[in-house]
Amino acid sequence: MEITKLKIITIFQHLFQEITTPKNRTMKKAILLFILFLISEISFSQTCNCETEFKFVSKYYEKNLPSFKDNVNSSNKKQYKKFKKALFKKSKTSNSKMNCFKLLTYYVEYFKDNHSSIYMQDIDVNEKDEKSLENFLNSETYKTREFYKLKETDLKQFEQNDIRGIYQNIDSTITITIIPNKDNFREYIGVVTESKSKLWRKGQVKIEINKNSKGGFEAFYYSYKHTLKYYPDYTLQNGILGDFWFKKSLKNKINYSHNFDNKIEYKTLNDSISYLRISSFSSELNAKIDSLYKKVEFEILKKPYLIIDVRNNGGGSDGNVYPLLKYVYTKPFLDDKVELYVTKDNIKVWENWYKEKSRDTINYSKQNQLESLAEIEKMKNAKDGTFIPRGSSENNIIKLDKVETYPKKVAIIANRWCASSCESLLFFAKESDKSIIVGENSGGYVGYGEVGEIVTPCYKFDLTCTMTRYDKQREFEVIGISPNYKLNNDKSWIEQTMEILEKK
C-alpha cells in the first residue's frame, strides 16, 4: 500500500470531521477502527523490507524446522551464527525483491532439507490475451527486470562442455547467450538474444549462474512468467545445460532423461513387458490412480517383466505408492522410523490440512480424516519443541502375505526429478531381489516430510517447512538414491531399460 503524506493528511482531516460531527456510535466506532488499520498499514509499509523478511524466515525455521535441530548443534552453532549474521547484514542493504529472494534462498538451503524451500508466486498471465499481456508488461515484476546490452563479440559459440555460448530451449522459442558477468550472486549470465514469446525481450537476463562447492554450477533461473527459481545443481553435460537448454550447435535437441507426458497409464511394450507410467503420486489423484491400479493388476501379473516409469514424478502421497509394493516385494523388511516435530505452528498446519481433507470426500476417506485427527491430538498432548513417533513406536516390519510369481523382474526408471513419495518406491526396490533402479540419482527429498506452507509478510514469498524426519533415509537427503544401471542420452530410456531386462 503506497500512501503519500498529502493523502494521509487529507484522509485524517476528513475522518476528524466525521468523528466530531454528531453521529451514531456505530459510525464513530467504524471510523476509529479504520484509522487504527490505516496507521498499522502505514507503519508496516515503512518496515516492510528484506530485513523484515529475513527476521521472519529465520525465526520461523529456528522454531519449527526439524532439520534445524539436525544441522545446528554444539559443534557448529558459532559457524551458524556467523553465517546468519552475515546474511542479516546484507538484508539491511538489499534493495530489490529479487536480491532479497536470493539472500533468503541461501539461508533456507543451509539446512539441507530439500522439501523446505522458498518460492516466488507466479503472476497470472496469458500472452494470447491482450489485456492479460498488457497488465503483465506493466507489472513491477516485468518493468524492474534486468537488461544487458550484448556486444557483437558476446555472440560466440563454444565447445559443448564450455558453459559459455549460445543455447536454445527445446522448442526454440527462446535463444540465449551465456557470458561471464560477475557480481555478488553470480559469475555468468544468460541473456536473451531472440524470443518468440511475448513475455520475453532481447537483452533480458534469463539465468544467473555461479560455480558451486561440488565443482559444478548453481543457478537462479527466471521462469516463463519471470518468477525466480533456484537450482543448486545446474549441470552441463554434452552441450545440455540444466536439462532444458541445448547448445545451438547440437543437431538434436533431445534429453532422454525426462518424461513430461503427465500420464497415468498402462500399456504393453511387447509380449513379455508391461509398462506402467505414473507421472505423479499426488493425493489429488487418489481416485484416478486407484482406479488404474485395479484395472491393470491382472495384466501386470501375467507378464514376466514390468517397467515402472516415474521420471519427473515429484511425489505426493505414499498411499499411492504402497499398491506397487506387491510387484517388487520378495521378503520382509524393516520400515524406517518417522518422527513428528511438535510446535504450535505445525499443529496449525495439520488442523488446516484436516479442514481441506474434510471438504474433499472423493480423494480422502473417512479413515484418512480420522487418522489426521488422531495425529493432531497426539501433537497437542506432547511438549512443544519435541519429537514424537508417528505410528507405532515399535519396529515396523513390512511383510506381505505372498511373493508374486510374475513379474519376475521389475525395472524402475527414475531421474533427478523423482522426489519424495516417488523415492519411497525406490526404497522398496532396494529391499527387493527382483527389482532394479535405472536412470540417474533421484532428487533426494527423503529425509524430511509433511510439508507445510506459509507466506512471508512483505514480498509474499511461499515458504515451505517440513514437520517430520526419517531415521535412516536422512543419509540420502539432497544426494538422492543411486540407480543400479546409469542410462545415457544415446537413445530412449525405455529402449535401454528393455534391453537391460531382457539380458538379465
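Me: Why is Thr 268 called partly exposed?

Reply: The model is a predicted one, in which local features need pLDDT of at least 70, side-chain atom pairs count only at pLDDT 80 or more, and totals for chains, interfaces and linings use all residues. Residues are numbered from 1 along each chain as its sequence is written, and side-chain values use heavy atoms, with hydrogens and water left out. Buried means under 20% relative accessible area, exposed means over 50%, and partly exposed lies in between (1.4 Å probe, protein chains only). Thr 268 has a relative accessible area of 42%, so the label is partly exposed.

Me: Where does Thr 268 lie, and which residues is Thr 268 in contact with, leaving aside its neighbours within four places in sequence?

Reply: Thr 268 lies in strand β11; helices (H or I, at least four residues) and strands (E, at least two) are DSSP runs, numbered from the N terminus. Contact means heavy atoms within 4.5 Å. With neighbours within four places in sequence set aside, Thr 268 is in contact with Ile 273 and Lys 303. The C-alpha atoms of Thr 268 and Ile 307 are 9.8 Å apart in space, while the two residues are 39 apart in sequence.

Me: What makes Asp 261 and Arg 277 a salt bridge?

Reply: A salt bridge is a side-chain nitrogen of Lys or Arg within 4 Å of a carboxyl oxygen of Asp or Glu. For Asp 261 and Arg 277 the N to O distance is 2.9 Å, and the pair meets in a salt bridge. Asp 261 is in the loop between β10 (245-247) and β11 (264-268), and Arg 277 is in strand β12 (residues 273-278), 16 residues apart. Asp 261 has 29% relative accessibility and therefore counts as partly exposed, whereas Arg 277, at 1%, is buried.

Me: How do you know that Glu 297 forms a salt bridge with Lys 326?

Reply: The closest N and O atoms of Glu 297 and Lys 326 are 2.4 Å apart, and the pair counts as a salt bridge. This pair links helix α9 (residues 286-300), which holds Glu 297, to helix α10 (residues 325-328), which holds Lys 326, 29 residues apart. Glu 297 is partly exposed because its relative accessibility is 28%; Lys 326, at 23%, is partly exposed.

Me: Why is the pair of Arg 469 and Glu 339 said to tie together parts of the chain?

Reply: The side chains of Arg 469 and Glu 339 meet in a salt bridge at 2.8 Å, N to O. Arg 469 lies in strand β23 (residues 468-470) and Glu 339 in strand β15 (residues 338-342), so the pair joins parts that are 130 residues apart in sequence. Arg 469 is buried, with a relative accessible area of 14%, and Glu 339 is partly exposed at 28%.

Me: How many salt bridges does the rule give?

Reply: The count comes to 29 salt bridges. A network of salt bridges links Lys 102, Glu 146, Asp 183, Arg 186 and Glu 208.

Me: Why is helix α13 described as largely enclosed?

Reply: Nine of the 10 residues of helix α13 (residues 421-430) are buried, so the rest of the structure largely encloses this helix. Among the buried residues are Cys 422, Leu 425 and Phe 428. Their cover includes β13 (305-309), α10 and β18 (409-414).

Me: What share of the chain is buried?

Reply: Of the 504 residues in the chain, 48% are buried. The chain has 14 helices and 24 strands.
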